[in-house]
Amino acid sequence: SRHSGAYQFVLRKAAGRYSGKPVTSQYGIDDFDVLVAVVSDDDNLLGFYLVPVGELHRRGLVGYHSKSSSSLTAYPPWARPPPSASFEAKAWQEHFFFHLQKKQSKHHQETLMHEQEL
């Protein structure tokens, strides 16, 4: 959701077809080691997340017995989660976020503030 500055990453994989329709399933804890999720704004790469699969498993996002939701709503450091969102989610995610730009441009900051006001 661009309104809150959040990014949605779907954590599902292709699992074949059933009756001609594609089927997906959740990732298992042995399917990968680290999630690399890139955060961009238009054509600008802003940063990326490197999240170990163990952390995603602890949070119920991967593993065959994980909760039904298999998407990660990520809040980069500059994002402002809406009141309904968990500030706890933003807090744990910040440990895994890496900036690609040392400092955001004033124009980028103003654009984000304007979008949040809409």
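**Core**

I looked up the largest nonpolar core of this predicted model, a core being a set of buried Ala, Val, Leu, Ile, Met, Phe, Trp, Tyr and Cys residues joined through side-chain atoms within 4.5 Å, and noted that it has 24 residues, of which Phe9, Leu35, Val39, Tyr49 and Leu56 touch the most other members. The elements that give two or more residues to this core are strand E1 (7-10), E4, E5, H1, strand E6 (71-74) and H2. For these elements I rely on DSSP runs numbered from the N terminus, with helices (H or I) of at least four residues and strands (E) of at least two.

I then followed leucine 35, leaving out residues up to four places away in sequence, and found that it touches Leu11, Tyr49, Leu50, Val51, Leu56 and Leu72; contact here means heavy atoms within 4.5 Å.

**Conventions**

I number residues from 1 along each chain as its sequence is written, and my side-chain values use heavy atoms, with hydrogens and water left out. Because this is a predicted model, local features need pLDDT of at least 70 and side-chain atom pairs count only at pLDDT 80 or more, while totals for chains, interfaces and linings use all residues.

**Chain as a whole**

I counted three helices and seven strands in the chain, and read their order from the N terminus on as β-β-β-β-β-α-β-α-β-α. Of the 118 residues, 38% are buried, where buried means under 20% relative accessible area, exposed means over 50%, and partly exposed lies in between (1.4 Å probe, protein chains only). Among the contacts with a separation of 6 or more, 58% are between residues 24 or more positions apart. The accessible surface comes to about 7,700 Å², and carbon and sulfur atoms hold 55% of that area; such areas come from the Shrake-Rupley method with a 1.4 Å probe, and for residues only the protein chains shown count as cover.

**Glutamine 93**

I also checked glutamine 93, which lies in helix H2 (residues 87-93) and counts as buried because its relative accessibility is 2%. Leaving aside neighbours within four places in sequence, I find glutamine 93 in contact with Tyr49, Leu72, Thr73, Ala74 and Tyr75; Tyr49 is also one of the core residues that touch the most other members.

**Salt bridges**

I looked next for salt bridges, taking a side-chain nitrogen of Lys or Arg within 4 Å of a carboxyl oxygen of Asp or Glu, and the structure holds three. In one of them the side chains of aspartate 31 and lysine 13 meet at 2.8 Å, N to O. Aspartate 31 lies in the loop between strand E3 (21-26) and E4, and lysine 13 in strand E2 (residues 12-18), so this pair ties together parts that are 18 residues apart in sequence. Both ends count as partly exposed, aspartate 31 at 35% relative accessibility and lysine 13 at 22%.

Glu55, Arg58 and Arg59 are linked in a network of salt bridges. Arginine 58 meets glutamate 55 at 2.7 Å, N to O, and these two residues are separated by about one helical turn because they are three residues apart in helix H1 (residues 53-58). The closest N and O atoms of glutamate 55 and arginine 59 are 2.8 Å apart. I noted that glutamate 55 counts as buried at 10% relative accessibility, whereas arginine 58 counts as exposed at 63% and arginine 59 is partly exposed at 30%.

Arginine 59 itself is found in the loop between H1 and E6. I also took the separation of the C-alpha atoms of arginine 59 and leucine 72, which are 13 residues apart along the chain, and it is 9.8 Å.

**Nonpolar surface patch**
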